[in-house]
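Dear colleague,

I am passing on a structure that is new to you, and below it you will find an account of what turned up when I went through it. Please look at the structure first and keep it open while you read.

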Amino acid sequence: MRLAILSDLHSGRYARFESLRTDSAPGVADEALEDLRERVLDGSIGCDYLIVPGDMTEAGKPEEYECAGDALSQLQDLFSLPRERLIVVPGNHDCDYDQVPDGYHAFHSNAVFSELAGLGHNSLVSDPFVSAWDSDELLLVAFNSAWEDTSPTASHHGSITLEQIRLLRTMIPARAGGVRAGEGLCSPSSSCRLSAPVAAP
């Protein structure tokens, strides 16, 4: 099984690649994306799942989600993946802090991301901010540790609660022979912290 992990697109006015910018300012030409396309088409690389662990956008704005959704849909088509094999985990940049407490409104309003949100168990953009994807090949669980952030200027260290960890335990099914594959994604990745001490369940 092959996993492709692509993070920190930061679609918006500061995006590095031109195709991810939402303004008219020039960005870097998309040579890397073109190189990726060529390698996929000639069979050099491929993937069975495309995982995007955070910061699809710069500031969680509708136009940024539109741009990011188009880019991810193109990558999904390029890799010939069904929608359920495109997995996104929001990061601290994917919340619109001007709209808190409804900071993920643009996520829900975008056709691509609202569909993706319905493919996981539970939700990463509303309580409990934990989700899981389970198939015969892969068990993947994810936390949106930016759920507690409420300010665009405050430090974003991430927060995972004891209740989320307990919920996670119920999401991991008992399997004969153990879990074949698993991955925990914590986004944003910089210094996540537990908001309660870990104790035996």
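**What was found**

H10 is found in the loop between strand 1 and helix 1. Please bear in mind from the start that this is a predicted model, and that what follows describes that model. The phi angle of H10 is near 50°, a positive value in a residue other than glycine, and with a relative accessibility of 17% H10 counts as buried.

The loop between strand 1 and helix 1 also holds D8, which is not a glycine either and yet has a positive phi of about 60°. D8 is partly exposed, its relative accessible area being 42%. R13 lies in the loop between strand 1 and helix 1 as well, and at 48% relative accessibility R13 counts as partly exposed. If neighbours within four places in sequence are left aside, R13 is in contact with R21, T22 and D23. In space R13 also comes to 7.8 Å from E58, C-alpha to C-alpha, although 45 residues of sequence separate R13 and E58.

The chain has 201 residues, of which 45% count as buried. Among the contacts between residues at least 6 apart in sequence, 70% join residues that are at least 24 apart.

How are the strands arranged in the open sheet, and in which order? The sheet consists of 3 strands in the order 1-2-3, and their pairing is parallel. Its edge strands are strand 1 (3-5) and strand 3 (86-88), each of which pairs on one side only, and from one strand to the next the twist averages 20°. Strand 1 and strand 2 (residues 49-52) run parallel and are joined by 3 bridges, with L3 standing opposite Y49 in strand 2.

Further along, strand 4 (residues 130-134) and strand 5 (residues 139-144) run antiparallel and are joined by 5 bridges. A hairpin of 4 residues leads from strand 4 to strand 5, and across this pairing S131 stands opposite A142 in strand 5. Because 4 of the 5 residues of strand 4 are buried, strand 4 is largely enclosed by the rest of the structure. In the loop between helix 4 and strand 4 lies P128, and a cis peptide bond, with omega at about 20°, joins D127 and P128.

**Helices and aromatic rings**

Two packed helices are described by the angle between their axes and the distance between the axes. For helix 1 (residues 31-41) and helix 2 (residues 62-78), the axes come within 10 Å and cross at roughly 20°. An angle under 35 degrees counts as roughly parallel, so helix 1 is roughly parallel to helix 2. The residues that meet are L36, R37, V40 and L41 from helix 1 and Q74, L75 and L78 from helix 2; by class, this contact has 5 nonpolar, 1 polar and 1 charged residues.

A search of the whole structure for aromatic pairs finds 3 of them. One of these is formed by Y65 and F113, which are arranged edge-to-face, at 5.0 Å centre to centre and with 75° between the planes. Since Y65 lies in helix 2 and F113 in helix 4 (residues 111-117), the pair ties together parts that are 48 residues apart in sequence. Are these two residues, Y65 and F113, buried or exposed? Y65 and F113 are both buried, and for F113 the relative accessible area is 0%.

F113 also forms an aromatic pair with F107, and this one is tilted, at 5.5 Å centre to centre and with 45° between the planes. F107 is likewise buried, with a relative accessible area of 3%. Taken together, Y65, F107 and F113 form one aromatic cluster.

With kind regards

Methods. Residues are numbered from 1 along each chain as its sequence is written. This is a predicted model: local features need pLDDT of at least 70, side-chain atom pairs count only at pLDDT 80 or more; totals for chains, interfaces and linings use all residues. Side-chain values use heavy atoms; hydrogens and water are left out. Two strands pair if DSSP finds at least two bridges between them. Helices (H or I, at least four residues) and strands (E, at least two) are DSSP runs, numbered from the N terminus. Axes are lines fitted to C-alpha atoms, for helices over the stretch in contact, and angles run from 0 to 180 degrees between N-to-C directions. Angles under 35 degrees count as roughly parallel, over 145 as roughly antiparallel, 65 to 115 as roughly perpendicular and the rest as oblique. Contact means heavy atoms within 4.5 Å. Ala, Val, Leu, Ile, Met, Phe, Trp, Tyr, Cys and Pro count as nonpolar, Asp, Glu, Lys and Arg as charged, and the others, Gly among them, as polar. Rings of Phe, Tyr and Trp (its six-membered ring) pair if their centres lie within 6.5 Å; planes under 30 degrees apart count as stacked, over 60 as edge-to-face and the rest as tilted. Buried means under 20% relative accessible area, exposed over 50%, partly exposed in between (1.4 Å probe, protein chains only).
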